[in-house]
Amino acid sequence: MSDSKKGAYGGAPSGDTDFRKTYDLDEYAAKANEREAKEKEESKARYEAKLAGKKYHKPLTGDETYTSARRNVIDLTQQIGKTQLVPGGAGVGKRGRGAGFYCEPCDLTFKDNKQYIEHLNTPQHLINTGQTTEVKRATAEEVHERIEYYIRRRDDLEKEKQTSLHERLQLREEEAEKEAEERRKKRREDNERKRIKKEEEARVKMEYGEDVRVDGEHDEDDMMAAMGFTGFGTSKK
């Protein structure tokens with residue numbers, strides 16, 4: 001008689017939940033206790049800073065770097081004309097990700113770009129991004145290198161201005177030449193229409209004689225006759 005406690009292949013019997021991942025409960029309990037201890041310590045530090053009338057800042061770990069200027073350009077126009085879906089309870093006040101300018105290291109959302117830019121220079125943001133509030137003192141050699149860099153940059157900008165000015169002048173000359181050519185073309189077309197009209201009038205008179213009235217030829221005489229004027233002659237002989 002076979003043992004009912006053994007599996008089909010002679011091993012331990014399998015259950016319905018054996019495919020699930022197993023967790024080390026002691027390890028996760030230790031992590032939870034450590035997190036709770038840190039939160040209690042931070043809450044205590046925040047409370048003490050509030051009693052002292054100061055603002056709480058995250059303590060330094062020793063791995064921070066000196067504060068440096070931002071190298072990247074912040075594009076504040078990338079969200080213009082876009083629709084952003086935000087969960088109803090995503091952010092309470094500034095805390096959490098909501099509609100606006102979001103700072104991921106600090107988990108804060110700002111409603112306008114002015115507040116966001118000012119936040120990037122606060123000690124809270126600098127510490128959360130691994131920077132101190134101190135600036136490294138530059139050496140004389142670094143100062144000379146920076147001065148030479150700005151001199152080269154100024155020369156490059158001057159060259160770009162000269163090049164762009166020359167290109168703008170050349171473009172303006174091309175546009176002026178194009179406009180003049182269009183005016184000349186229009187004048188040639190007008191002259192051609194007038195020439196064709198005169199030739200047509202001359203041809204009609206040659207075929208039918210001088211008594212033929214061409215449209216528009218005697219409009220002035222007809223108007224004077226209708227108004228009772230026979231002419232603007234003088235009494236002088």
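**Close-up 1. Cysteine 103 and cysteine 106 in the predicted model.** The sulfur of cysteine 103 has its closest cysteine sulfur in cysteine 106, at 3.8 Å. That is too far for a bond, because a disulfide needs the two sulfur atoms within 2.5 Å. Cysteine 106 is likewise in no disulfide, its nearest cysteine sulfur being that of cysteine 103. The count by this rule is zero disulfides. Both residues are buried: cysteine 103 has 2% relative accessibility, and cysteine 106 has a relative accessible area of 4%.

**Close-up 2. The buried face of helix 2.** Helix 2 spans residues 113-120. Tyr116, His119 and Leu120 are its buried residues.

**Close-up 3. Aspartate 112 at the start of helix 2.** Here a side-chain oxygen of aspartate 112 approaches the backbone nitrogen of lysine 114. The two atoms lie within 3.2 Å.

**Close-up 4. Glutamine 131 in the loop between helix 3 and helix 4.** Helix 4 covers residues 140-208. Glutamine 131 is buried, with 16% relative accessible area; the cut-off for buried is under 20%. Its side chain makes a polar contact of 3.5 Å with the side chain of threonine 129.

Notes: Residues are numbered from 1 along each chain as its sequence is written. This is a predicted model: local features need pLDDT of at least 70, side-chain atom pairs count only at pLDDT 80 or more; totals for chains, interfaces and linings use all residues. Side-chain values use heavy atoms; hydrogens and water are left out. Buried means under 20% relative accessible area, exposed over 50%, partly exposed in between (1.4 Å probe, protein chains only). Helices (H or I, at least four residues) and strands (E, at least two) are DSSP runs, numbered from the N terminus. The arc is that of the directions from the helix axis to the C-beta atoms. A polar contact is a pair of N or O atoms within 3.5 Å; within protein, one must be able to donate a hydrogen and the other to accept it, and residues adjacent in sequence count only if both atoms are side-chain atoms.
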